[in-house]
Amino acid sequence: MQLYSFFRSGTSHRLRIALNLKGLAYEYKAVDLRTEQHLDANYKAIQPQGLVPALMLDGERGRQVLIQSPAIIEWLEEVHPKPALLPASPEDRARVRALAAIVGCDIHPVNNRRILEALRHEFSADDAAVHRWCANWVNDGFEAIEALLAADAHRGDFCFGRAPTLADVYLIPQVESARRFKVDMGRWPLIVAVDAACAQIDAFRRAAPAMQPDAA
Ligand SMILES: N[C@@H](CCC(=O)N[C@@H](CS)C(=O)NCC(=O)O)C(=O)O
């Protein structure tokens with residue numbers, strides 16, 4: 001299995017966490033977003049959108065590329081169900097998926113590199129404006145996640161239940177990104193505590209941007 005990844009990419013980071021939690025080994029293929037390697041024809045032959053991550057499989061059906069981190073993580077959960085990233089009951093699964101979707105649908109997409117590049121180059125935003133933009137969407141999403149965590153009386157150290165789930169897989173890379181954009185995390189003590197609990201787990205530690213071969 002080959003993972004096309006950029007060390008600082010949140011979507012690559014979430015997939016690295018999921019792969020590590022499932023105990024799956026992969027070969028790391030760095031795609032440098034800073035030099036726009038993701039936009040060249042060689043990479044677009046793998047991922048036609050020019051986005052990371054992508055996962056190349058060498059299976060019975062030959063080489064196959066999986067794209068889109070939510071689809072890849074769902075595939076992982078189906079093919080490697082243990083340890084489960086989703087709880088047993090449909091209602092609990094919906095809750096965990098909702099926490100993940102706040103990050104995956106409502107924070108990350110609007111703070112993605114290409115959006116920030118468009119703000120800079122097509123709408124003349126300077127660095128301060130770009131930081132305000134990012135902080136705004138992180139703020140909205142994290143306020144909601146913090147409220148959901150606070151309302152869950154059965155929660156242990158993680159976003160849901162007593163073990164990491166899909167919600168933590170999505171949340172931790174977004175916390176990393178928020179810190180990089182100098183967002184004040186002190187307003188969300190429950191999220192900070194979840195981040196600290198995940199940082200105790202080897203699968204999360206090994207997935208961190210700073211631990212990747214292309215980290216610079
Ligand atoms: N929905 C896609 C989003 C992938 C994505 O946006 N990846 C970012 C890095 S986190 C990227 O490749 N950005 C390149 C760019 O915006 O130019 C997924 O989850 O896989």
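Modeller: Gladly; we will go through a helix, a loop residue and some aromatic rings. This is a predicted model, where local features need pLDDT of at least 70 and side-chain atom pairs count only at pLDDT 80 or more, while totals for chains, interfaces and linings use all residues. Residues are numbered from 1 along each chain as its sequence is written, and side-chain values use heavy atoms, with hydrogens and water left out.

Biologist: How many residues of α7 are buried?

Modeller: Buried means under 20% relative accessible area, with a 1.4 Å probe and protein chains only. Twelve of the 15 residues in α7 qualify, including Tyr 170 and Gln 174.

Biologist: Which residues does His 108 contact?

Modeller: Contact means heavy atoms within 4.5 Å. Leaving aside neighbours within four places in sequence, His 108 touches Thr 11, Arg 14, Val 103 and Gln 174. His 108 sits in the loop between α4 and α5 and is buried at 17%.

Biologist: How many aromatic pairs are there?

Modeller: Rings of Phe, Tyr and Trp (its six-membered ring) pair if their centres lie within 6.5 Å; planes under 30 degrees apart are stacked, over 60 edge-to-face, the rest tilted. The count is four. Among them, Phe 142 and Trp 188 have centres 5.3 Å apart and planes at 90°, so the pair is edge-to-face.

Note on methods
Buried means under 20% relative accessible area, exposed over 50%, partly exposed in between (1.4 Å probe, protein chains only). Helices (H or I, at least four residues) and strands (E, at least two) are DSSP runs, numbered from the N terminus.
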